[in-house]
Amino acid sequence: MDYGKLAYLKAEELEARLGGKKESGIPSPALYRRSFESASGRVTLLEAPFGSGAAVIVKVSAANGGDVRLYIGGLRAACGKLSGGGSLVLFGAGSGKTEIEFAAFDGGAKEVEAQVLLLVSATALRERESELRMAVTGRTHLISSVKNGDVVAERCNSVYEDRLSLFAGRGVKADVCAAGSDFCIVYSDLLGRLWSVAVGGDMKIVARSFLGDAPENFGITYAGNRVYVFFAEDGKAKYFSHAYPKGTRGFTAEVDYAGKADRVVPVKDSEPMAIALESGGKVYLLKEDAAYRSDAALKATVKGRAQSV
């Protein structure tokens, strides 16, 4: 059986069931794959997806038999009994968190292959499109934008000539900063995950790094061979960093500011590092005290007197 074809057919059926007219602008649904082993219990395949819903195909193989259940949005979407040494395929469609549960197995790990086909609304993507972002190194400009779920970067000179384009990934929000003579693009994908893409001067991808869950809104800057990601969360200004061009996500730290942070925007190419912080309708400029920067701790401290501007 062609499970990929089945997923697409079921995705169309789900879209019709969820009541809307099929929207143009997305050439194909976003596909998310995951493989893992689990001994028992319930495993989350996917948190609540961005978009209207998802079509899910799960293939489970195990040496021992038992029951397998698929849950979408807290409701059981499919279930089946797996024979020892065999495989079982489950299909479900709906919206919300997607989980798979193993019960009554006689021990031993189960190999699981999951494919989640996200139905992404073109209208929803347009509502979340980010504005243009730009970074400059020397005489070279890099402009990032998000259009219908595509994160695109375009290189040009100061009079918009000698243009080259690059597709960075599928996402809903992106920012760009200069990184020495190169550039770095950080974007959040359709599943709410954050990625960093290092782009060389020849407009080729040098490295790609997965940075975990994406903040709701974020901005990036570069300092000391690290890319810093700033964002506001729960009224606090926060940030983390990763080594450029490829590195893991550092510890999240709070900016040294006592008031409530509504929005945080890093100042590009600033040395020392600086951020603009919006609080209570006023904008404050905070600058880094470089003495507190510690690459070993994977973080910096932005502090100093906040001045309204």
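Student: What makes the meeting of the Lys81 and Asp67 side chains a salt bridge?

Tutor: Their N to O distance is 2.8 Å. A salt bridge is a side-chain nitrogen of Lys or Arg within 4 Å of a carboxyl oxygen of Asp or Glu, so Lys81 and Asp67 qualify. The two are 14 residues apart, with Lys81 in strand 5 and Asp67 in strand 4. A word on the model itself: it is predicted, so local features need pLDDT of at least 70, side-chain atom pairs count only at pLDDT 80 or more, and totals for chains, interfaces and linings use all residues. Residues are numbered from 1 along each chain as its sequence is written, and side-chain values use heavy atoms, leaving out hydrogens and water.

Student: Why is Lys81 called exposed?

Tutor: Its relative accessible area is 62%. Exposed means over 50%, buried means under 20%, and partly exposed lies in between (1.4 Å probe, protein chains only), so Lys81 is exposed.

Student: How do you know that strand 4 and strand 5 pair?

Tutor: Strands are DSSP runs of E with at least two residues, while helices are runs of H or I with at least four, and both are numbered from the N terminus. Two strands pair if DSSP finds at least two bridges between them. Strand 4 (residues 66-72) and strand 5 (residues 75-82) have 7 bridges, so they pair, and they run antiparallel. One example is Val68, whose bridge partner in strand 5 is Gly80. Between the strands of this hairpin there are 2 residues, and Gly73 takes a positive phi near 65°.

Student: What holds paired strands together in general?

Tutor: Strands of a sheet pair through backbone hydrogen bonds, in a parallel or an antiparallel sense.

Student: What makes Arg42 and Glu99 a salt bridge, and which parts does the pair tie together?

Tutor: Their side chains meet at 3.3 Å, N to O, so the distance falls within the cut-off of 4 Å. Arg42 lies in strand 2 and Glu99 in strand 7, so the pair ties together parts 57 residues apart in sequence.

Student: Are these two residues buried, partly exposed or exposed?

Tutor: Arg42 has 41% relative accessibility, so it falls in between and counts as partly exposed. Glu99 has 13%, so it is buried.

Student: What makes Asp175 and Arg133 another example?

Tutor: Their closest N and O atoms are 3.2 Å apart, so this pair also meets the definition. Asp175 sits in strand 12 (residues 164-179) and Arg133 in strand 9, 42 residues apart. Both Asp175 and Arg133 are buried. There is also a network: salt bridges with shared partners join Arg42, Arg69, Glu99 and Glu101.

Student: How many salt bridges are found in the whole structure?

Tutor: The search finds 11.

Student: Why are strand 9 and strand 15 called edges?

Tutor: An open sheet of 7 antiparallel strands has the order 9-10-11-12-13-14-15. Strand 9 (133-137) and strand 15 (205-213) each have a single partner strand, so one side of each lacks a neighbour in the sheet. Inside this sheet, strand 10 (residues 140-147) and strand 11 (residues 150-156) pair antiparallel over 7 bridges, and Ile143 stands opposite Glu154 in strand 11.

Student: What makes a set of residues a nonpolar core?

Tutor: Its members are buried Ala, Val, Leu, Ile, Met, Phe, Trp, Tyr and Cys residues, joined through side-chain atoms within 4.5 Å. The largest has 21 residues, and those with the most contacts inside it are Val58, Val60, Val68 and Ile100. Strand 3 gives the largest share, 5 residues.

Student: Which residues are in contact with Ile100?

Tutor: Contact means heavy atoms within 4.5 Å. Leaving aside neighbours within four places in sequence, the partners of Ile100 include Phe36, Val58, Val60 and Val68.
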